[in-house]
Amino acid sequence: MADFTRLSIIIPCYNYADFVSKAISSALKQSHKPAKIIIINDGSTDNSLEEINKLKDNSLVEVIDKPNEGVIATKNLGISLSKTYWTMFLDADDYIDEDTLKIMLRSVKSDGMVDVTYSDMRLFGAASDIFRARPFQPYGFLFQNFINNTTLINTTMLKRSGGYKQEMSDGLEDWELYITLFEQGARFRYISQALVWYRQHASGQNSRNQETLDSERSQTLLSHLKALHPRLYKRYGKKQRILRSLVMLTYIPVRHPGVVLVVCRSIPSAIIQGLRHILHNVKIYLNSK
């Protein structure tokens, strides 16, 4: 993996026959060509494999067809097959701008101390918008995922992390992976450009999308996250409570200055009334003796 410019794109696919060609084409049209594009058909029951095979004659493309095992096993297979310096995952219903790899590689070259590079993403399909990520900060990231699943990851660190965990098979597996990488010392870099196109489906639900998980399922997955990283969440959870208290102390005077003024004016009066009450009770007690 000595060549810093070589990378592999892994495209897992399960029943996305209508979209997978677009994903593969976007990988093939990159201005910086990937060394390998590995498409893994996870036992699709539609004609996904037929669509994939239409593009398999390109020398960059490797097609793996296997029985259905789920997203975790499929992505981990992709990790094991990647032999380049960098690895990128691209969902079969998404795609990337033609300069995505070039821009990301230019960014990591300018820094030289980066293991995970990520960008903003453009939502399309049933809804259109731009999702803005932000520079990596451990505290914020542990409590809200702002990194999409199409990132450039150092393959050595990716393999060392153990890959995706089965506990996250119902969702948030990418978030958990990034937390694992951070815990193992990975360095993150943010690019403030929307390089990834993230499909919004007509039902309003994207599989494994955190924002559409029902409350109970979301809480279960968050519990799995915290159970997998207890020391990290204990450390930053304490900081979260302190920060929340400080925010509230700042918020109240700014938003409700009148309330603060009334409270401040009432403190002396409250103290005096309290002392009078105590003295009165003491006097009653002494008289009863």
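Guide: Start with lysine 66 and aspartate 42, whose side chains meet in a salt bridge at 2.5 Å, N to O. The pair links distant parts of the chain, 24 residues apart: lysine 66 sits in strand β3 and aspartate 42 in strand β2. Keep in mind that this is a predicted model.

Visitor: What makes the contact between lysine 66 and aspartate 42 a salt bridge?

Guide: The N to O distance is 2.5 Å. The cut-off is 4 Å, between a side-chain nitrogen of Lys or Arg and a carboxyl oxygen of Asp or Glu, so the label applies. By this rule the count comes to nine salt bridges.

Visitor: Is lysine 66 buried or exposed, and how do you know?

Guide: Lysine 66 has 9% relative accessibility, so it counts as buried. Buried means under 20%. Aspartate 42, at 4%, is buried too.

Visitor: Which residues are linked in a network of salt bridges?

Guide: Asp42, Lys66 and Glu69. Glutamate 69 meets lysine 66 at 3.1 Å, N to O. Glutamate 69 is called exposed because its relative accessible area is 52%, and exposed means over 50%.

Visitor: Why is lysine 165 called partly exposed?

Guide: Its relative accessibility is 22%. That lies between the 20% and 50% cut-offs, so the label is partly exposed. The side chain of lysine 165 forms a salt bridge with that of glutamate 176, at 3.1 Å, N to O. Lysine 165 is in the loop between α6 and α7, and glutamate 176 in helix α7, so the pair ties together parts eleven residues apart in sequence. Glutamate 176 has 0% relative accessibility and counts as buried.

Note on methods: Residues are numbered from 1 along each chain as its sequence is written. This is a predicted model: local features need pLDDT of at least 70, side-chain atom pairs count only at pLDDT 80 or more; totals for chains, interfaces and linings use all residues. Side-chain values use heavy atoms; hydrogens and water are left out. Helices (H or I, at least four residues) and strands (E, at least two) are DSSP runs, numbered from the N terminus. Buried means under 20% relative accessible area, exposed over 50%, partly exposed in between (1.4 Å probe, protein chains only).
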